Amino acid sequence: MKKTRIIIAGGGFGGVKCAQTLKRELGCDKAEIVLFNSENHLVFCPLLAEVVGSSINPLDVVVPLRQLLPGIFCRTEEVQNVDLSRNEVEFVADDGRASRMSYDQLVLACGNITNLNVVPGMADHAFALKTVGDAALLRSHVMMQMEKAEVCADPDRRKWYLHFIVVGGGFSGAEAAGEINDLIRSSGRYFQNFRCEDVSVTLIHSREQILPEITSDLREFARKKMEKAGVKMVLNARVAVATPEGVGLQGGQFIKGATIVCTVGSSTAPVVERLNFPKEKGRLLTEADMRLRGSSNVWAVGDCAMVINSLDGQPCPTTGQFAERQGRQCAQNIVRVLKAEATKPFFFKQLGELCSIGGHSAVADMLGLHLSGFLAWFIWRGVYLFKVPTWARRFQVGFDWAWLLLFPRDLAHIRTRPTDRVSHAYYQPGDFIIRQDDPATNFYVIEKGEVEVVRSTDKDPKGEVIAVLNSGSFFGERALLSNDPRVASVRARTAVEVLVIGKNVFTQISGALGPLRDALAQALNRRGIDVWKGEPQVHDLLSSIQLKDLMEPVPQPLLRPEASLRDVGHAFVENGNEFFYVSSDGQTLEGVLTITDLLRGRANGATDKTPAAELMSKNPVALAADDTCAVAAAAFREYRLKSLPVVEHKDSRKLAGCIKVRRLMAYVFKELSDGK
Ligand SMILES: Cc1cc2nc3c(=O)[nH]c(=O)nc-3n(C[C@H](O)[C@H](O)[C@H](O)COP(=O)(O)OP(=O)(O)OC[C@H]3O[C@@H](n4cnc5c(N)ncnc54)[C@H](O)[C@@H]3O)c2cc1C
């Protein structure tokens with residue numbers, strides 16, 4: 001007789017419990033149970049914060065699925081799609097080819113994924129806490145910050161290294177903040193150059209109180225206890241931006257810190273996203289028995305599902321406790337369907353909530369009892385030790401915890417060479433992207449915004465702005481090619497997005513790609529650090545005068561972005577201009593339009609009605625009225641232009657005038673000959 005094939009997509013809390021229950025109820029003779037999971041292990045998320053705080057080892061929180069689920073066909077493969085009409089799942093097989101497997105019953109237990117993109121810059125500058133890799137990386141980073149603080153001579157920067165910002169005051173945020181705080185403060189005695197006062201851990205939460213899941217007296221206890229242990233609470237605050245320097249809050253406050261841990265922000269697993277089934281907040285809507293609405297043989301459990309608890313008619317929270325119960329009851333319902341019995345709605349009375357808050361303290365809301373402090377912490381450890389899925393891991397976790405009673409937390413920092421990468425990064429105005437004298441590790445391409453190149457000397461430690469670069473330009477090539485330290489700093493002038501290319505990738509591409517090699521050679525030539533070597537007096541002269549002293553009025557008329565190509569053509573004929581600035585309000589610079597743009601637009605199929613906005617160069621490079629004329633000279637060289645727009649300030653696009661090469665040269669000749 002053909003066995004019923006039950007496929008489970010996802011080997012987390014929900015999927016594993018479902019597989020275990022199915023095996024127990026059906027045995028391996030009646031059903032073929034296949035479990036797909038992206039990794040070969042289950043991650044015991046509730047203990048991830050303990051890994052960060054070096055209380056337990058990273059391997060203690062993962063359990064190999066095939067050791068946990070004997071008799072079940074565990075496939076370390078990701079389900080890409082579900083073909084509901086043919087009852088098949090699609091996945092990429094070991095040979096890289098798309099493959100399919102049919103099912104009689106399918107359980108979706110894919111959980112959700114971290115999505116740090118909810119806040120600009122968070123994905124680039126913050127640590128997530130969802131996988132064991134995240135936890136190990138963060139732990140290693142925390143150790144590195146202590147090592148850096150130890151050797152840092154600047155007291156402010158030392159404090160910055162030792163400031164850890166945790167975003168999100170739910171269970172994982174509170175636990176992570178508590179663990180990091182314990183780790184740093186208990187390790188201070190092994191370091192000579194920083195004291196407890198230099199350490200700060202800040203927990204930022206959007207509501208009035210942290211831990212919204214528990215009762216208000218326990219929340220209050222947790223807050224007070226954590227504050228007493230040294231964790232600073234920033235409540236009723238939302239993070240608006242994350243940068244390498246720290247986080248900016250809505251409302252303008254900026255909190256500086258070298259480490260940002262983000263425990264908020266999740267989104268739907270891609271396979272669930274692709275499924276054409278009704279969802280709410282990205283979670284699959286199910287019937288009371290956990291079958292997908294409108295389906296007879298597809299079920300969903302855990303964080304990817306919106307299951308209603310028939311106990312109270314409310315949607316279940318996304319916790320491990322609920323995922324496990326759903327997995328078990330879903331398996332029981334599948335068995336009922338196979339026996340042609342009626343299914344039962346999901347029903348679960350939560351046992352309670354437990355959260356460890358550091359300092360051998362926890363809060364517990366269990367079986368109607370509200371406990372806090374050491375007793376709650378003891379219960380927390382007991383419950384979670386019991387919940388770790390295998391005896392082998394239970395012993396390991398228990399042993400690590402016992403070890404800590406006698407010995408300090410392990411401060412070993414395993415330094416892995418950072419993988420070369422291509423990534424995106426976001427910087428706020430004033431942030432340093434590169435610092436002078438640092439070793440060269442990356443090459444940067446500006447995707448959005450403007451940066452300034454600043455060079456400092458012993459005489460001028462604050463530094464002089466020597467060039468301004470905007471979107472489409474690149475920087476960082478000189479030090480990479482010469483293998484020398486950076487000769488100048490690069491600082492964001494506006495909000496900036498850059499493409500970051502690691503050293504090895506850069507070397508390979510620039511070695512193989514002729515046009516890039518040529519562009520780099522030209523850049524090295526025109527950006528030569530000694531371009532003024534033969535003319536120091538010209539440089540001194542240009543550096544001593546600001547653009548506002550030499551700029552000319554804004555060239556008129558300004559074009560509006562909606563002006564048609566036909567109107568623009570007329571404007572060129574009537575005014576005899578070589579270019580026009582484009583502005584909607586007659587003040588703010590939005591683009592520049594040249595005759596070349598017009599001709600290129602025509603060649604690309606623009607019609608008489610095509611608006612100027614589609615033809616112009618958007619966000620052109622613009623200098624500020626208080627920039628020096630030396631910066632203008634560098635920009636003329638960089639962009640090979642004869643004229644550049646001048647705006648009121650660095651962070652404004654309000655037109656103040658324009659600067660022309662001709663005027664600059666006339667000034668230099670006049671001054672030098674007068675000087676003679
Ligand atoms: C730091 C942290 C602390 C937490 N603390 C607690 C706590 O104290 N108590 C509590 O109850 N809950 C806690 N949770 C929440 C709990 O971990 C989740 O609710 C629970 O893991 C959800 O279980 P799940 O089976 O739905 O998904 P998960 O456990 O996330 O498992 C989903 C699995 O599916 C895999 N997968 C995804 N897509 C595919 C695909 N297409 N094909 C194959 N496999 C796929 C994933 O790789 C993953 O292994 C915590 C979570 C975090 C991140």
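Author: Asn 37 places a polar side-chain atom 2.9 Å from an oxygen atom of the ligand. This is a polar contact, that is, a pair of N or O atoms within 3.5 Å; within protein, one must be able to donate a hydrogen and the other to accept it, and residues adjacent in sequence count only if both atoms are side-chain atoms. The side chain of Tyr 384 has an N or O atom 2.9 Å from an oxygen atom of the ligand, and a polar backbone atom of Thr 319 is 3.5 Å from an oxygen atom of the ligand. Of the 1,000 Å² of accessible area that the ligand has on its own, the protein covers 88% (areas come from the Shrake-Rupley method with a 1.4 Å probe; for residues, only the protein chains shown count as cover).

The model is predicted: local features need pLDDT of at least 70 and side-chain atom pairs count only at pLDDT 80 or more, whereas totals for chains, interfaces and linings use all residues. Residues are numbered from 1 along each chain as its sequence is written, and side-chain values use heavy atoms, with hydrogens and water left out.

The ligand is surrounded by 29 residues, the closest being Gly 14, Asn 37, Val 79, Asp 303 and Tyr 384; a residue belongs here if one of its heavy atoms lies within 4 Å of the ligand. This shell divides into eleven nonpolar, 13 polar and five charged residues, where Ala, Val, Leu, Ile, Met, Phe, Trp, Tyr, Cys and Pro count as nonpolar, Asp, Glu, Lys and Arg as charged, and the others, Gly among them, as polar. Two or more residues of the shell come from each of α1 (13–30) and α10 (320–338), and α10 gives the largest share, three residues. Helices (H or I, at least four residues) and strands (E, at least two) are DSSP runs, numbered from the N terminus.

The sheets may be considered next. Strands β28, β35, β30 and β33 form, in that order, an open sheet of four strands with antiparallel pairing; two strands pair if DSSP finds at least two bridges between them. Its edge strands are β28 (422–427) and β33 (474–475), each pairing on one side only. β28 is joined to β35 (496–502) by six bridges, and Ala 425 has Val 498 in β35 as its bridge partner. Helix α14 (503–512) lies across β28, β30 (442–448) and β35, at about 80 degrees to β35. Such angles run from 0 to 180 degrees between N-to-C directions, with axes fitted as lines to C-alpha atoms, for helices over the stretch in contact; contact means heavy atoms within 4.5 Å.

Another open sheet has three strands in the order β36-β37-β38, with antiparallel pairing. β36 (579–582) and β38 (617–618) are its edge strands. Helix α18 (565–575) packs on this sheet, touching β36 and β37, and its direction makes about 130 degrees with that of β36. Helix α19 (595–603) touches β37 and β38, at about 80 degrees to β37.

Two hairpins follow one another elsewhere. β14 (239–243) and β15 (246–249) form a hairpin with two residues between them, paired antiparallel over four bridges. β15 and β16 form a hairpin with four residues between them, and Gly 251 in the turn has a positive phi of about 110 degrees. Gly 246 in β15 is the bridge partner of Thr 243, and Gly 246 is also partnered with Lys 256 in β16.
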